[in-house]
Amino acid sequence: MADILIAAILTIITAATPLVYAALGEMITEKSGVLNLGVEGMILVGAVAGFATIHSTGSAALAIFAGLAAGALLASVFALLVLGFQATQVATGLALTIFGIGVSALVGQDLVGIAYDGLPKISIPLLSSIPVIGPLLFQHDILVYGSFALVFLVAWFLKNTRPGLVLRAVGNSHDAAHAIGYPVIRIRYMAILFGGAMAGLAGAYLSLAYSPLWIENMSAGRGWIALALVVFATWRPWRVFFGAYLFGGITIFQLHAQAFGVGVPAQIMSMLPYLATIVVLVIISRDINKIKLNAPMCIGKPFHPTA
Amino acid sequence: MFVSLVKRPERSQWMVYLSPVIALAMTLVSGIILFQLMGVESGKALYAFFVEPITHKYGWAELGVKATPLILIGVALSVGFRANVWNIGAEGQLTLGAICGGGVALFFYGVDSVFVLPLMMVGGILGGMMWAAIPAFLRTRFNANEILTSLMLTYVATLLLSVLVHGPWRDPDGFNFPESRIFSDSATLPVIWAGTRLHLGWIITIAVVAAVWVLMSKTIVGFQVKVVGQAPLAGRHAGFSVNRVIWFSLLLGGAMAGLAGLFEVSGPIGQLLPVISPGYGFTAIIVAFVGRLHPVGVFFAGLLLALSYLGGESAQITMNLPLAVTGVFQGMLLFFLLACDVLIAYQFRLNMTRGAKYG
């Protein structure tokens, strides 16, 4: 019984990890006052870049870096448009997703049907042999460990560091931050790039570890779920992490329910993560004060330094 | 900095219309570069993409066939975008329209009556409206972001269609293929240009464009939509209900997307399939923006984006290029458009000289 439970939790971790990356990255972007709806597109280019690299070089490290870089590269297009050219954030984000879907399909057309063994698992000596806890926490691939580290880092960065404070200030009042002399545009640039890099890592995890292959549109809406998670978490890192695991759990639950042959068509079960997103969004948005209290106040507003 | 952005004293009306043209030119230039990178002869590829499809009568008709859903949805979405209502789940509303309208067709299978087709259209419209009503309700009642809810419902809608054509609505004589029966003649849209696939939906689309034009420029509803979008505070003082505008925008978008979905299944496709749209609902967002959120603009933008679909198919056949090139072109067009739109409210100025330079 314990074995089954451990196996189930392990699959939940794999389903949650890409969401952790994408949602934490987007959270940092939003904390700086920018709403980037292009997460889905950035995940896809990260996924295809990662898979193409592992296929041509065989190096997992390079592949992970390629995913990260591809996500950041696409994000830099977004940053240039919304920060440099004052383009609407909502429309530009949508364009990013449409473009990302197209470009990843174009690049990946020769990669369809190729398989990869998946990222190697790294067992931490001694710790990994502890019963139950060992397999759950200390026998993962590098990106899963990275996602654990990321949530600590992001939480610490926002709460305890000066740059974290500046980031929040820029997101809450860009005019005040600008008046004090902080480089609002440059800080937002970096926040957007970070968000893109993390979405790229989420993509790399999908194509290198979660289901190690490339399929067109393989993110299947995870970018949008990540966006909803940020709202659900009211822009707090630990809640993002918790939310990602909740959704990972729902995804795995529906897969298992299908395998056990619940008397419901598979497609109905597959609707669960999307429906859950809606329900969760409704529950959290119901209290308008809660959102107002936590949302970065400048989110979505363009900034043009006049003086 | 050498070049800086300076706010114009007034929005440039010129740039509103020039910006899509510049964007298109830049997309073409980028296309040439892209084709070079792919090792394809770019002249030939661009010809296959943008010219070859419309060198014959059938191609012009196909342009109308592809433009029908794009314009129909784009013109409705542009109303919502003006009001800052971001319905990006039109693809799902299209699917629900196809399900409900197609459901009517299957229910009356074999019935030969002139009433079947109008009933199907009503079904399509209601289906799309129903699907769009969910985000409208969740937004107005619970303040839930309509971008995310309408998009999530798109995934749900696609899965729902899949359930139906794999299960209860599967053609009993169809050798277990996931397809519905082929609609009877009374449930198929009449072709308006003999020898092509151009159907009645094209005429209805043009009528809708005209109707939305009148709605937006001549009626109080259109005025409310614009005020709520541009100056929510002024709208509130004038007593305009934001919630009503949200409901109106989403229901209109849903209705037209649903109708477009019904047109697809009772026109070019003729039955229900697991996939009925190559992303028309998403491309319509680009159509709305390229068309400057104006009905007439949307009409021409719809034709342009329809050409990108035809071009993708043509380039796939004649030059063996991947179909995904279409999406890349569409994305680039929107990128460049958004970048060029900066010139509506701003102008570039060289810091060295005093003269303004238009980029």
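Visitor: Where do A:Trp235 and B:Asn320 lie?

Guide: A:Trp235 is in the loop between α10 (222–232) and α11 (237–259) of chain A, while B:Asn320 is in the loop between α12 (295–319) and α13 of chain B.

Visitor: How do you know whether A:Trp235 is buried or exposed, and what about B:Asn320, exposed or buried?

Guide: The label rests on a count of other C-beta atoms within 10 Å, with 20 or more making a residue buried and 12 or fewer making it exposed. A:Trp235 has 21 such atoms within 10 Å, and therefore it is called buried. B:Asn320 has 8 C-beta neighbours inside 10 Å, so it counts as exposed.

Visitor: What span should helix α3 of chain A have, and what do its end C-alpha atoms show?

Guide: At 1.5 Å a residue, the 25 residues of α3 of chain A (residues 60–84) should span 36 Å, and the end C-alpha atoms are 35 Å apart, which agrees.

Visitor: Why is α6(B) described as largely enclosed by the rest of the structure?

Guide: The description follows from the burial count, because 18 of the 21 residues of α6(B) are buried. In chain B as a whole, buried residues make up 52% of the 359 residues, and in chain A they make up 50% of the 307 residues.

Visitor: What makes chain A as compact as a globular protein of its length?

Guide: Chain A contains 14 helices and 2 strands. Its radius of gyration is 19 Å, close to the 19 Å that the globule rule gives for 307 residues, so chain A is as compact as a globular protein of that length. Its C-alpha atoms fill a box of roughly 65 × 45 × 45 Å along the principal axes, and residues 24 or more positions apart account for 79% of the contacts with a separation of 6 or more.

Visitor: How does the radius of gyration of chain B stand against that of a compact globule?

Guide: Chain B has 14 helices and 2 strands. For 359 residues a compact globule would have a radius of gyration near 21 Å, and chain B has 22 Å, which agrees. The C-alpha atoms of chain B fill a box of roughly 75 × 60 × 35 Å along the principal axes, and 76% of its contacts with a separation of 6 or more join residues 24 or more positions apart.

Visitor: Which domains does chain B have, and which helix gives the most to the side of domain 1 that touches domain 2?

Guide: The domain assignment gives domain 1 (1–40 + 322–359) and domain 2 (53–320) of chain B, with C-alpha centres 29 Å apart. In chain B, 11 residues of domain 1 are in contact with 12 residues of domain 2. On the domain 1 side, α1 (13–37) and α13 (325–340) of chain B each supply at least two residues, and α13(B) gives the most, with 7 residues. By class, that side has 9 nonpolar, 2 polar and no charged residues.

Visitor: What makes up the side of chain B that touches chain A?

Guide: Here 37 residues of chain B are in contact with 39 residues of chain A. Helices α5 (116–142), α6 (146–166), α11 (280–290) and α13 of chain B each supply at least two residues of that side of chain B, which has 28 nonpolar, 8 polar and 1 charged residues.

Visitor: What confidence does the predictor give to the complex and to chain B?

Guide: The complex receives an ipTM of 0.88 and a pTM of 0.89. Chain B averages a pLDDT of 89, and 97% of its residues score at least 70. Over residues 353–359 of chain B, however, the pLDDT is below 50, and beyond near neighbours in sequence this stretch has 8 contacts in the model. Where pLDDT is low, the predicted coordinates should not be read in detail.

Definitions and conventions
Residues numbered from 1 in each chain as written. Chains lettered and ligands numbered in written order. Predicted model: local features only at pLDDT ≥ 70, side-chain atom pairs only at ≥ 80, totals over all residues. Domains from an automatic or database assignment. Contact = placed C-beta atoms within 7 Å. Helix = DSSP H or I, 4+ residues; strand = E, 2+ residues; numbered from the N terminus. Nonpolar A, V, L, I, M, F, W, Y, C, P; charged D, E, K, R; others polar. Rg over C-alpha atoms; globule rule 2.2 N^0.38 Å. pLDDT = per-residue confidence, 0-100. Expected span 1.5 Å × (residues − 1).
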